[in-house]
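Work through the exercises below with the sequence and the model open. Try each task before reading its solution.

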Amino acid sequence: MSIVVGYVPTPAGEAAVRAAIAEAGIRDEDLLIVNSAREGSVVETTVATPEDLDRVLAQAADAGVRAKVLRGTHRDDFTDEILDLAEEHAASLIVIGLRRRSTVGKFIMGSVAQRILLQADHPVLAVKPSP
């Protein structure tokens, strides 16, 4: 089994990776770090740099956790990619980071985190960055 974490280079993404590394260590499971770009997007703020990914892999290694980065692209919604990978890798846990959003922002933009929480067939750990 493995733990799947959605990673973006933001405070919420960093909090998710820290929590996922801790859970993988406790459970003695592999960690799959997912970073995905929207297909056809010219500017994508969710794409981690190679340095970001090297850093989170080093954090996992320092904690004694076996980790692998899965990079890809998604068409419409990152939710489907996370849920498909969790199913494909028989995940024991999905870890996501949450950020504060206004009610109007959630209504207009939707919420990937909300959809993962509601649609996942696997347990989900949602974490927020420290203030």
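**Exercise 1.** What should the 17 residues of helix α1 (residues 11-27) span at 1.5 Å a residue, and how far apart are its end C-alpha atoms?

*Solution.* The model is a predicted one, in which local features need pLDDT of at least 70 and side-chain atom pairs count only at pLDDT 80 or more, while totals for chains, interfaces and linings use all residues. Residues are numbered from 1 along each chain as its sequence is written, and side-chain values use heavy atoms, with hydrogens and water left out.

Step 1: helices are DSSP runs of H or I with at least four residues, strands are runs of E with at least two, and both are numbered from the N terminus. Step 2: the expected span is 1.5 Å times one less than the number of residues, so α1 should span 24 Å. Step 3: the end C-alpha atoms of α1 are 24 Å apart, which agrees. Just after α1, aspartate 28 takes a positive phi of about 55°.

**Exercise 2.** Is strand β1 (residues 2-6) largely enclosed or open?

*Solution.* Step 1: buried means under 20% relative accessible area, with a 1.4 Å probe and protein chains only. Step 2: five of the five residues of β1 are buried, so the strand is largely enclosed by the rest of the structure. Step 3: check each face; Ser2, Val4 and Gly6 are buried on one side, and Ile3 and Val5 on the other. Step 4: find the neighbour; β1 pairs with strand β4 (residues 91-97) in the parallel sense over four bridges, where pairing requires at least two DSSP bridges. Valine 4 has isoleucine 94 of β4 as its bridge partner.

**Exercise 3.** How do α1 and helix α2 (residues 50-62) cross?

*Solution.* Step 1: axes are lines fitted to C-alpha atoms over the stretch in contact, and angles run from 0 to 180 degrees between N-to-C directions. Step 2: the two axes come within 10 Å and cross at roughly 25°. Step 3: angles under 35 degrees count as roughly parallel, so α1 and α2 are roughly parallel to each other. Step 4: list the contacts (heavy atoms within 4.5 Å); Glu14, Val17 and Ile21 in α1 meet Arg55, Val56, Gln59 and Ala60 in α2. Among these, Glu14, Val17 and Ile21 are buried.

**Exercise 4.** Which residues of helix α3 (residues 78-88) meet helix α5 (residues 112-119)?

*Solution.* Step 1: the helices pack at an angle of about 35°, with their axes 9 Å apart. Step 2: Phe78, Thr79, Asp80, Ile82 and Leu83 in α3 meet Val112, Arg115, Ile116 and Gln119 in α5.

Definitions and conventions. Buried < 20%, exposed > 50% of the residue type's maximum accessible area, 1.4 Å probe, protein only. Parallel < 35°, antiparallel > 145°, perpendicular 65-115°, else oblique.
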